[in-house]
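Visitor: I am new to this structure and would like to be taken through it slowly. Could you show it to me before we talk?

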Amino acid sequence: MISTGNDIVVLECTDTERTKQTKFYSRILSEGEIELFKSNSFQTLSFENFVWLAWSVKESVYKFHGRSHPHTLFAPTKIKIKEILLPLKQNGLDLSDTIEGISLDDRTCYSCEVNFDLLTFYTRSFVTGKLIFTVANNTECFDSVHWGIKEISDDAYIMQSREVRSFVVSKLCKIFLSNDISIEKAARGYPVIAQQKHIPLSFSHHGKFVGYAFVINETTS
Amino acid sequence: MSRQEILEGLKTVLAPYTMDKEALNSMNDETEFIKDLKINSANLVDIIIDAEERYDIEIDADSAEKIHNAGSCIDVIMEKMKEKI
């Protein structure tokens with residue numbers, strides 16, 4: 001089954017001081033992940049950003065897995081990051097405008113291998129001064145993954161929801177060369193393309209940013 | 001403390017994390033934090049910590065995992081308050 005999962009964390013919407021407290025981060029990080037942080041040289045990643053990177057990775061994996069296992073409960077410490085590879089170069093994402101792409105390059109992203117529910121998942125994350133954006137997959141190849149990030153003017157839930165749907169529909173219209181693209185919910189509650197029901201969509205929003213991810217390859221198209 | 005009293009207290013815990021005050025005021029056992037109250041998932045840990053502080057309890061990871069709506073959250077709070085006695 002084709003699946004997808006993404007997440008976005010806007011750092012100014014998080015409580016930096018609380019994130020650094022054991023009672024907070026111990027609900028997100030496993031012992032192994034705390035050791036992973038200590039043993040790596042994350043010169044460009046503060047501990048609090050590491051915590052939110054881990055959260056974003058776990059939330060994305062949970063969404064990806066949840067499409068086919070809807071009754072799985074979200075328990076962050078049970079989703080275990082086995083390995084984190086740092087980007088070879090700091091990405092220079094210009095968040096003053098909409099950003100979209102196909103594929104996620106491990107040279108510009110944090111790449112994680114994650115174990116959950118006896119399965120292995122892979123994630124790619126952009127970490128900027130403003131936000132962390134993650135997409136999950138069940139293979140190391142992200143070539144068929146479409147993704148997008150957009151800043152919006154209003155952080156009210158209804159606006160986040162409206163903006164992310166309009167953002168992804170606009171992208172899908174370009175891909176399918178059609179103006180007749182809409183979104184509906186699958187029986188299990190996750191969004192799909194109404195005209196291509198086998199293609200699931202993943203939405204995320206936090207503060208004044210929204211993001212999406214979906215997969216289109218030979219199997220889906 | 002009655003179930004209804006905890007429900008009312010839980011509304012105070014959740015208030016900083018939802019803009020949907022109407023949904024919060026009409027919250028019942030079936031109300032889901034993310035779907036119905038439109039709370040961002042990134043605040044779920046904050047809510048557990050705030051509930052621990054309000055009721056002077058400790059909610060372990062296994063119990064936190066069971067929380068998916070207001071009713072299950074009240075169940076966990078009541079269970080942890082009983083354990084203190």
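The questions and answers below go through the model part by part.

Guide: This is a predicted model, in which local features need pLDDT of at least 70 and side-chain atom pairs count only at pLDDT 80 or more, while totals for chains, interfaces and linings use all residues. Residues are numbered from 1 along each chain as its sequence is written, and chains are lettered from A and ligands numbered from 1 in the order in which they are written.

Visitor: What is the mean pLDDT of chain B?

Guide: pLDDT is the predictor's confidence in each residue, from 0 to 100. In chain B, confidence is lowest in α4(B), at a mean of 90, and highest in helix α1 (residues 3-14), at 96. In chain B, 100% of the residues reach 70 or more, and the mean pLDDT is 94.

Visitor: Which pattern does chain B follow along the sequence?

Guide: Helices (H or I, at least four residues) and strands (E, at least two) are DSSP runs, numbered from the N terminus. Chain B has five helices and zero strands. Read along the sequence, the pattern of chain B is therefore α-α-α-α-α.

Visitor: What is the radius of gyration of chain B?

Guide: The radius of gyration is taken over C-alpha atoms, and the globule rule is 2.2 Å times the number of residues to the power 0.38. For 85 residues that rule gives 12 Å, and chain B comes close to it, so chain B is as compact as a globular protein of that length. The radius of gyration of chain B is 12 Å.

Visitor: Is B:I48 buried or exposed?

Guide: B:I48 lies in helix α3 of chain B. A residue is buried if 20 or more other C-beta atoms lie within 10 Å of its own, exposed if 12 or fewer, and partly exposed in between, with C-beta atoms placed from the backbone. Because B:I48 has 21 other C-beta atoms within 10 Å, this residue is buried.

Visitor: Which residues is B:I48 in contact with, leaving aside its neighbours within four places in sequence?

Guide: Two residues are in contact if their C-beta atoms, placed from the backbone, lie within 7 Å. With those neighbours left aside, the contacts of B:I48 are A:R27, B:I59 and B:A64.

Visitor: Which elements give two or more residues to the side of chain B that touches chain A?

Guide: The contact takes 14 residues from chain A and 11 residues from chain B. The elements of chain B that give two or more residues to this side are α3 (44-55) and α4 (61-65).

Visitor: In what order do the five strands of the open sheet in chain A stand?

Guide: Two strands pair if DSSP finds at least two bridges between them. In this sheet β1 (5-10) and β2 (80-85) of chain A each have a single partner strand, so one side of each is left without a neighbour. The pairing is antiparallel, and the order in chain A is β1-β6-β5-β4-β2.

Visitor: Which are the edge strands of the open sheet of six strands in chain A?

Guide: The six strands are antiparallel and come in the order β3-β7-β11-β10-β9-β8 in chain A. Three bridges join β8(A) to strand β9 (residues 191-193) of chain A, and A:I183 stands opposite A:I193 in β9(A). Pairing on one side only, the edge strands of chain A are β3 (99-102) and β8 (183-185).
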